[in-house]
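Have the sequence and the model open side by side as you read.

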Amino acid sequence: METAFVLISCEVGTSDTVTKKLQLIDEVKDAISVWGSFDVVAKVTASTRDVIRKKIRTTDNIRTTMSLMVTENQTWLITILRMYHERSPTLFIGNVLNIF
C-alpha cells in the first residue's frame, strides 16, 4: 500500500463541499479543510497511485493538486502532519510547508 498526502486547491467557496466528497472515497483516510496556500489536505492510502489521478483529481471544483508521496524512510512526514494538525487543525499547513 502507498500513502500520500494530497494538497488541494479548490474553486472559491467550495472547500467544504470538496472535503465532504473526498471523505466518501474509500481510499481517502482523512480529508480536512485548511487555510493557507491550499484549501484541503487529504490522506490517501491505496495500492496504486492511480487513485489520485482517477478519483481525486476528477472531483468537481478541484483546481490543482500537489501530492506528497510517503516512503518507508519518510514516515516522519506523517508524524509532523499529525503534530501540527493536533495543535492547530485549521492552520497547520502553512507551518508544515515552511519546513520544506
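β1 gives the most to the lining of the largest cavity, with three residues. Before going on, a word on what you're looking at: this is a predicted model, in which local features need pLDDT of at least 70 and side-chain atom pairs count only at pLDDT 80 or more, while totals for chains, interfaces and linings use all residues. Residues are numbered from 1 along each chain as its sequence is written, and side-chain values use heavy atoms, with hydrogens and water left out.

Back to that cavity. A cavity here is a set of points, on a 1 Å grid over the protein atoms alone, where a 1.4 Å probe fits but cannot get out, and lining residues have an atom within 4 Å of a point. Searching the whole structure turns up one cavity of 30 Å³ or more, and the volume of the largest cavity is about 50 Å³; points are joined across faces, edges and corners, and the volume is the space filled by probe spheres set on them. Its lining is made up of E2, T3, A4, V44, A46, T48, R49, V51, I52 and M69. The elements that supply two or more residues to this lining are β1 (2–10), β3 (40–46) and α2 (50–56). Helices (H or I, at least four residues) and strands (E, at least two) are DSSP runs, numbered from the N terminus. Sorted by class, the lining has six nonpolar, two polar and two charged residues. For that sorting, Ala, Val, Leu, Ile, Met, Phe, Trp, Tyr, Cys and Pro count as nonpolar, Asp, Glu, Lys and Arg as charged, and the others, Gly among them, as polar.

One of the lining residues is V51, which sits in helix α2. V51 is buried, with a relative accessible area of 10%; buried means under 20%, exposed over 50%, and partly exposed in between (1.4 Å probe, protein chains only). Leaving out residues up to four places away in sequence, V51 touches E27, V44, A46 and I56, where contact means heavy atoms within 4.5 Å. E27 is 24 residues from V51 along the chain, yet their C-alpha atoms are separated by 7.6 Å.

Now zoom out. The chain has four helices and four strands, and from the N terminus on they run β-α-β-β-α-β-α-α. Of its 100 residues, 39% count as buried. Among contacts between residues at least 6 apart in sequence, 66% join residues at least 24 apart.

So which strand is largely enclosed by the rest of the structure? That's β3: six of its seven residues are buried, so the rest of the structure largely encloses it. Look at its pairings, bearing in mind that two strands pair if DSSP finds at least two bridges between them. β1 and β3 run antiparallel and are joined by seven bridges, with L7 standing opposite V41 in β3. Strand β2 (residues 28–33) is also antiparallel to β3, with five bridges joining them, and here D30 has K43 as its bridge partner. The hairpin of β2 and β3 has six residues between the strands, and G36 there takes a positive phi near 130°.

Follow β1 along to S9, which lies in that strand. S9 counts as buried, at 13% relative accessibility. Setting aside neighbours within four places in sequence, S9 is in contact with S37, F38, D39, N61, I62, R63 and T64.

That list brings us to N61, found in the loop between α2 and β4 (62–70). Most residues other than glycine have a negative phi. N61 has a positive phi of about 75° although it is not a glycine, and with a relative accessible area of 32% it is partly exposed.

T59 is placed in the loop between α2 and β4 and is buried, with a relative accessible area of 12%. Beyond its neighbours within four places in sequence, T59 is in contact with K21, L22 and I25. D60 is in that loop too, but counts as exposed at 52% relative accessibility. Not counting residues up to four places away in sequence, D60 touches V18 and K21.

Key:
On a 1 Å grid over the protein atoms alone, a cavity is a set of points where a 1.4 Å probe fits but cannot get out, and a pocket is an open set with protein on both sides within 12 Å along at least five of seven lines; lining residues have an atom within 4 Å of a point.
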